[in-house]
Amino acid sequence: MIETARLLLRSPKPRDFEALHAMWSDPEVMRDLGPVKSTAHSRATIARHLGYGDSHGLGFQVVERRADGVVLGFCGLKPGAPDTPIEGELEIGWMFARSHWGQGYAREAAIASLGWAWRHRAEPRVVAITSACNLASRALMERLGMTWFTDFEHPVHPEGHRLRPTVAFAIRRP
């Protein structure tokens with residue numbers, strides 16, 4: 001568990017499913033990230049991230065507002081995706097429900113996750129990827145002090161898909 005002034009980052013619980021699935025099935029939230037998720041795919045996503053905890057001590061966490069317990073999004077660290085330039089590296093990522101955009105929650109959660117990484121992990125850097133068209137995530141990466149290091153075609157998207165062109169950013173251990 002990670003705490004900030006406004007947020008609590010913690011492992012997903014069954015009670016979080018509806019809020020997470022609502023976010024993942026929102027076409028606006030998923031516009032620059034990937035297809036909207038079905039109920040089954042949302043359940044599989046939670047299970048996958050819980051599995052990273054068992055295998056790597058990692059996994060995205062639920063981001064909860066401390067003041068009222070509202071689930072705002074999902075943020076954390078995981079192993080870099082296979083068949084990409086970040087395979088085997090420590091990857092940070094985030095996703096927040098549309099009603100919570102523009103309030104600094106993603107930055108606060110990401111800074112807390114990076115702090116956790118520097119205290120508990122030995123990797124020399126943390127990386128992040130997003131579709132080249134995801135300008136909001138790219139801007140946050142830059143605000144976090146991350147710098148671009150490569151472009152690539154993400155293999156999860158078919159040739160010609162608007163989300164296939166992908167950018168990778170990194171931040172070195174302070």
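Helix H2 (27-30), S5, H4 and H5 each supply at least two residues of the lining of the second largest pocket. Helices (H or I, at least four residues) and strands (E, at least two) are DSSP runs, numbered from the N terminus. This is a predicted model, in which local features need pLDDT of at least 70 and side-chain atom pairs count only at pLDDT 80 or more, while totals for chains, interfaces and linings use all residues. Residues are numbered from 1 along each chain as its sequence is written, and side-chain values use heavy atoms, with hydrogens and water left out.

**Pockets**

- The second largest pocket holds about 510 Å³ of space. On a 1 Å grid over the protein atoms alone, a pocket is an open set of points where a 1.4 Å probe fits, with protein on both sides within 12 Å along at least five of seven lines; lining residues have an atom within 4 Å of a point. Grid points are joined across faces, edges and corners, and a volume is the space filled by probe spheres set on the points.
- This second largest pocket is lined by 22 residues, and Trp94, Trp101, Ala106, Ala136 and Ser137 are the closest to its centre.
- H5 gives the largest share of that lining, five residues.
- By class, the lining of the second largest pocket has 11 nonpolar, six polar and five charged residues. Ala, Val, Leu, Ile, Met, Phe, Trp, Tyr, Cys and Pro count as nonpolar, Asp, Glu, Lys and Arg as charged, and the others, Gly among them, as polar.
- The largest pocket has a volume of about 920 Å³. Its lining has 35 residues, with Leu33, Arg48, Lys78, Glu91 and His154 the closest to the centre.
- Helix H3 (39-56), S4, S5, S6 and H5 each give at least two residues to the lining of the largest pocket. That lining divides into 18 nonpolar, 12 polar and five charged residues.

**Salt bridges**

- The structure holds 14 salt bridges, each a side-chain nitrogen of Lys or Arg within 4 Å of a carboxyl oxygen of Asp or Glu.
- Glu91 pairs with Lys78 in a salt bridge, with the closest N and O atoms 3.0 Å apart. Glu91 is in strand S5 and Lys78 in strand S4, so the pair ties together parts 13 residues apart in sequence.
- Glu91 is buried at 6% relative accessibility, and Lys78 is buried at 13%. Buried means under 20% relative accessible area, exposed over 50%, and partly exposed in between (1.4 Å probe, protein chains only).
- Arg10 forms a salt bridge with Glu64, at 2.8 Å between the closest N and O atoms. This pair links distant parts of the chain, Arg10 in strand S2 and Glu64 in strand S3 (residues 59-65), 54 residues apart. Both residues are buried.
- Glu159 and Arg164 meet in a salt bridge at 3.3 Å, N to O. Glu159 is exposed at 67% relative accessibility, whereas Arg164 is buried at 12%.
- A network of salt bridges links Glu28, Arg31, Asp32 and Arg162.

**Nonpolar cores**

- The largest nonpolar core has 28 residues, and Val63, Ile92, Trp94, Phe96, Val126 and Met146 have the most contacts inside it. A nonpolar core is a set of buried Ala, Val, Leu, Ile, Met, Phe, Trp, Tyr and Cys residues joined through side-chain atoms within 4.5 Å.
- H4 supplies the largest share of this core, eight residues.
- Another core lies apart from it, with 13 residues, among them Val29, Ile46, Phe60 and Val71.
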